[in-house]
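Dear colleague,

I am passing on the structure below, and I would ask you to open it beside this message while you read. My notes on what was found in it follow.

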Amino acid sequence: MTVQCYKAADRQFATYLGKPGQTAVNYAEIAKLIGPEVSSTMGAGVVTYRHLTVTWCLPFDEVLVILAGNMRVTSAGVTHDVGPGDVLFFPKETPLDYEVDEEVTLFYVKYPVDRTAAVPEL
């Protein structure tokens with residue numbers, strides 16, 4: 001295995017919350033970059049959320065780096081207002097509420113790579 005570079009212009013996003021073509025509200029799209037075909041330990045990608053509030057409880061550890069926009073993440077009664085350059089760490093099985101008033105794009109890293117989160121209903 002050698003160093004790999006994932007160019008922004010080459011990202012291919014797929015809808016994973018909401019409906020394709022109805023991207024204004026309650027919508028999320030994901031570009032999975034690193035999966036089990038690349039790494040046996042961790043996964044990574046880029047996600048854009050638009051105008052949504054969603055509750056998660058992820059079955060993996062995750063780090064988020066906010067690339068653009070703003071969001072609020074609430075857990076255990078504490079709310080974090082985050083924007084570009086901010087970093088969040090979520091231990092696995094931590095209940096989380098995401099609130100996105102407009103749009104946010106973030107980079108995520110998860111461990112282990114082979115666990116997936118159930119997609120919440122909106």
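The accessible surface of the protein comes to about 7200 Å², and carbon and sulfur atoms account for 53% of that area. Please keep in mind throughout that this is a predicted model.

As for charge, the protein carries 9 positive and 15 negative side chains, and the centres of these two sets lie 6 Å apart.

Turning to the fold, you will find 0 helices and 8 strands, so that reading along the sequence gives the pattern β-β-β-β-β-β-β-β. The C-alpha atoms fill a box of roughly 40 × 35 × 25 Å along the principal axes, and the radius of gyration is 14 Å, which agrees with the value near 14 Å that a compact globule of 122 residues would have. Of the 122 residues, 37% are buried. When contacts between residues at least 6 apart in sequence are considered, 67% of them join residues that are at least 24 apart.

Is threonine 105 buried or exposed? Its relative accessible area is 15%, and because buried means under 20%, threonine 105 counts as buried.

With kind regards

Definitions and conventions
Residues numbered from 1 in each chain as written. Predicted model: local features only at pLDDT ≥ 70, side-chain atom pairs only at ≥ 80, totals over all residues. Heavy atoms only, no water. Helix = DSSP H or I, 4+ residues; strand = E, 2+ residues; numbered from the N terminus. Rg over C-alpha atoms; globule rule 2.2 N^0.38 Å. Buried < 20%, exposed > 50% of the residue type's maximum accessible area, 1.4 Å probe, protein only. Contact = heavy atoms within 4.5 Å. Areas by Shrake-Rupley, 256 points an atom, 1.4 Å probe, with all protein chains shown as cover. Lys, Arg positive; Asp, Glu negative; His and termini not counted. Charge placed at Lys NZ, Arg CZ, Asp CG, Glu CD.
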